[in-house]
Amino acid sequence: MSSRAEEKERRRQERAAAHAAAEEQQRRRARNVRILGGAATAGVLAVIAVVLALSSGGETGVDPERGTRSANAAPVPAVKLGDLDEAAKAAGCELASTPDRGSSHVEGPVTYRDSPPTSGDHAQVPAEDGIYEVGDAPTTEASVHSLEHGRVNIQYTAGVPARRVAQLETIASENDGYHVLLFRNRTRMKATVAATAWTQQLTCARFTDASFDAIRAFRAKYTDKGPEFVP
């Protein structure tokens, strides 16, 4: 009996170690700019700003091929409409409530019925909050796990101009980047820009200034509304 108990404990420890390693790998992949409860000091942020400014050659915005960020946030229009339904209508965006398609933890790729997905089986380790560089976006399976934890994913397609991507970074950084992820879509979505929460979807075929109100209102309504709350 003791031998079986020892074997069971050994396997439990191996699973725990594998889970910890996967989390650490995900942290290394997430190259984001965040301010979470004072975790980053002003000095560190200043260094990051200088490095990014140098790497972008002093240009503003984001180069969609390199994913570099400017030291100065790209300005976005002030809020005109705070109601989600009104803002989505004004921007020509569509709102959809989708079925809960499951929440099992799996390994490997998942075929999702919605694009961008709003629920379903997903990776064991969620993607971290933050702004992801082009080419370093989280896996779709990891980003869906983030939705389960109440995050809002903001996504854009490859053809979005650098100026618009920079403006999305400004939007994502509002409220200190609280519980939001921004990255280039990996599911070949038809929308130009979209926001998702657990079983909720905002898709915009056209990306205009009015889209920002829709994204802000969606985020305000659905942040922390997933089936699991994780700080």
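Predicted model: local features only at pLDDT ≥ 70, side-chain atom pairs only at ≥ 80, totals over all residues.
The link of Cys93 and Cys204 is right-handed, with 105° about the S-S bond. It connects distant parts of the chain: Cys93 lies in strand β1 (residues 93-97) and Cys204 in strand β6 (residues 200-204), 111 residues apart.

## Overall organisation

The protein contains 6 helices and 6 strands. Read from the N terminus, these elements follow the order α-α-α-β-β-α-β-α-β-β-β-α. Of its 231 residues, 44% count as buried.

Among the contacts with a separation of 6 or more, 71% are between residues 24 or more positions apart. The accessible surface of the protein is about 12,400 Å², and carbon and sulfur atoms account for 52% of this surface.

## Helix α6

Helix α6 consists of 13 residues (residues 210-222). At 1.5 Å a residue, the helix should span 18 Å; the C-alpha atoms at its ends are 19 Å apart, which agrees. Just after α6, Asp224 adopts a positive phi of about 65°.

How many of the 13 residues of α6 are buried? The number is 10, so the helix is largely enclosed by the rest of the structure. The buried residues include Phe212, Ile215, Phe218 and Tyr222. Asp213, Arg216 and Arg219 are also among the buried residues of α6.

## The nonpolar cores

The largest nonpolar core has 29 residues, and those with the most contacts inside it are Ile154, Leu168, Leu202 and Phe218. The elements that each supply two or more residues to this core are α3 (84-91), β3 (152-156), α5 (162-173), β4 (180-184), β5 (193-197), β6 and α6. Helix α6 gives the most, with 6 residues.

Which residues are in contact with Phe218, leaving aside its neighbours within four places in sequence? They are Leu84, Leu95, Val152, Ala195, Thr196, Ala197, Gln200, Gln201 and Leu202.

Notes. Residues numbered from 1 in each chain as written. Heavy atoms only, no water. Helix = DSSP H or I, 4+ residues; strand = E, 2+ residues; numbered from the N terminus. Expected span 1.5 Å × (residues − 1). Buried < 20%, exposed > 50% of the residue type's maximum accessible area, 1.4 Å probe, protein only. Contact = heavy atoms within 4.5 Å. Areas by Shrake-Rupley, 256 points an atom, 1.4 Å probe, with all protein chains shown as cover. Disulfide = S-S within 2.5 Å. Core = buried A, V, L, I, M, F, W, Y, C linked by side-chain atoms within 4.5 Å.
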